[in-house]
Amino acid sequence: MPQKKTRVNPSALKSKAIEPLKLMSTAHDTKSSHSPLANLEEWEDFLKTRYPAPSLVGTNPDKKQEQFRDYENTARPTVREFYRLNHRHQTFDFVQEKRREFLGLQRRRMSIWEAMEFLNTLIDDSDPDTDLSQMEHLLQTAEQIRKDGHPRWFILTGFIHDLGKILCLFGEPQWAVVGDTFPVGAAYSDKIVFPKFFADNPDSQNPRFTSRLGIYEEGCGLDNVQLSWGHDEYLYHVTKDYLPKEALYMIRYHSFYPWHREGEYSYLLNDQDREMFKWVRAFNPYDLYTKSAERPNFKELRPFYDDLINEYFPPVLKW
Ligand SMILES: [Fe+2]
Ligand SMILES: [Fe+2]
């Protein structure tokens, strides 16, 4: 199978904050262990197969709920390989290393718009029509939240929730940017997709990490739990001084499907996590089910999002 890779759209490099040279080194990375997916959306499409919209399950007579849930057998080989790498390499030590590497936020100083443009330089070789796909997903998510009459901070959260995917442009492999997140340092839930791939993770042989609680205490709270590394945790740290608690939970845990869709790990939660759960749940349908062929009119929408961004964020943030 030909390797798909992250390609960088040079015309999208409008901002001076963006360094083309660094991007090119990402662009030339063809290691299969780096980019098993044709594009990041393959992971999200897989999530939709696994967690179909309730309306779809009810109305499609050809697909019974069990078939929808037979996701492991029907997953594309690229998706399977993606999860194999993710489960193999997301060790407790790997997560500590990535936290040290990225959470100092010393890489860039960019506005939200610059980060948006930067993210949009991540384009997909397999589909010439998706130049704006990253921003379109964000706009479609935010616009549906807005149509449903939710508060302004909720709309803004929809608009920015995937900006952490710029990690790909810093040269990080796909399996360390996207993927369902899960706690490291404690036993893996068997509700995590492809649980068998954890057999190759060295942590699964380490007695410190294999009990139900592992290194954690009962009810310690998710803030004290290390999740596998990815775009959620990174963006949480970029935005944590500026958004309400509910928004930060949505950003930080939107890929934590074992918790918000499977109900696992209740023994790690504290009262605040239980209280915030409803917001993380409320966000998920907007993330998963708002993709449509209808392209949002970015020019028309821009003033609204300008105001919204200025309401919550300073002109420049640390990334
Ligand atoms: Fe995401
Ligand atoms: Fe998303």
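This report walks through the helices, their packing and a few individual residues of a predicted model.

## The chain as a whole

Let's start with the overall picture. The protein chain holds 15 helices and 4 strands. Of its 319 residues, 36% are buried.

Contacts across the sequence are worth a look too. Taking contacts between residues at least 6 apart in sequence, 78% join residues at least 24 apart.

## Helix α2 and its buried face

Which residues of helix α2 are buried? Helix α2 covers residues 41–50, and its buried residues are Glu42, Trp43, Phe46 and Leu47. Viewed down the axis of α2, these buried residues fall within an arc of 145°, so they line one face of the helix.

What do the buried residues of α2 pack against? Their partners are α6 (77–89) and α14 (271–289).

## Helix α12 against α14

Helix α14 also packs with helix α12, which spans residues 245–253. The angle between α12 and α14 is about 60°, and their axes are 9 Å apart. That angle makes α12 oblique to α14, and α12 passes α14 in a right-handed crossing. On the α12 side, the contact is made by Lys245, Glu246, Tyr249, Met250 and Tyr253, while α14 contributes Met276, Trp279, Val280 and Phe283. Sorted by class, the contact of α12 with α14 has 7 nonpolar, no polar and 2 charged residues.

Another residue of helix α14 is Arg281. The C-alpha atoms of Arg281 and His254 are separated by 8.4 Å, with the two residues 27 apart along the chain.

## Helix α10 and its two partners

Helix α10 (residues 152–160) takes part in a pair with helix α9 (residues 133–147). The axes of α9 and α10 come within 7 Å and cross at roughly 165°, and α9 and α10 are therefore roughly antiparallel to each other. Their crossing is right-handed. Leu138, Leu139, Thr141, Ala142, Ile145 and Arg146 of α9 make the contact with Phe154, Ile155, Gly158, Phe159 and Ile160 of α10. The residues of this contact divide into 8 nonpolar, 2 polar and 1 charged.

The other partner is helix α15 (residues 298–312), which packs with α10 at an angle of about 105°, with the axes 10 Å apart. That makes α10 roughly perpendicular to α15. From α10, the residues Arg152, Trp153, Ile155, Leu156 and Phe159 meet Tyr305, Leu308, Glu311 and Tyr312 in α15. By class, the contact of α10 with α15 has 7 nonpolar, no polar and 2 charged residues.

## Val178 in a loop

Val178 is found in the loop between α10 and α11 (231–239). Is Val178 buried or exposed? Val178 is buried, because 25 other C-beta atoms lie within 10 Å, and 20 or more is the mark for a buried residue.

Leaving aside its neighbours within four places in sequence, Val178 is in contact with Leu40, Trp43, Lys165, Gly230 and His231. Trp43 is one of the buried residues of helix α2. The C-alpha atoms of Val178 and Leu40 are separated by 7.4 Å, although the two residues are 138 apart along the chain.

## Two residues with positive phi

Most residues other than glycine have a negative phi. Phe194 has a positive phi of about 50° although it is not a glycine. Phe194 lies in the loop between α10 and α11, and Phe194 is partly exposed, with 17 other C-beta atoms within 10 Å.

Tyr265, another residue other than glycine, has a positive phi near 65°. Where does Tyr265 lie? Tyr265 is in the loop between α13 (257–260) and α14. With 22 C-beta neighbours inside 10 Å, Tyr265 counts as buried.

Note on methods: Residues are numbered from 1 along each chain as its sequence is written. Chains are lettered from A and ligands numbered from 1 in the order in which they are written. This is a predicted model: local features need pLDDT of at least 70, side-chain atom pairs count only at pLDDT 80 or more; totals for chains, interfaces and linings use all residues. A residue is buried if 20 or more other C-beta atoms lie within 10 Å of its own, exposed if 12 or fewer, and partly exposed in between; C-beta atoms are placed from the backbone. The arc is that of the directions from the helix axis to the C-beta atoms. Two residues are in contact if their C-beta atoms, placed from the backbone, lie within 7 Å. Axes are lines fitted to C-alpha atoms, for helices over the stretch in contact, and angles run from 0 to 180 degrees between N-to-C directions. Angles under 35 degrees count as roughly parallel, over 145 as roughly antiparallel, 65 to 115 as roughly perpendicular and the rest as oblique. A crossing is left-handed if the near helix is turned anticlockwise from the far one by less than a right angle, and right-handed if clockwise. Ala, Val, Leu, Ile, Met, Phe, Trp, Tyr, Cys and Pro count as nonpolar, Asp, Glu, Lys and Arg as charged, and the others, Gly among them, as polar.
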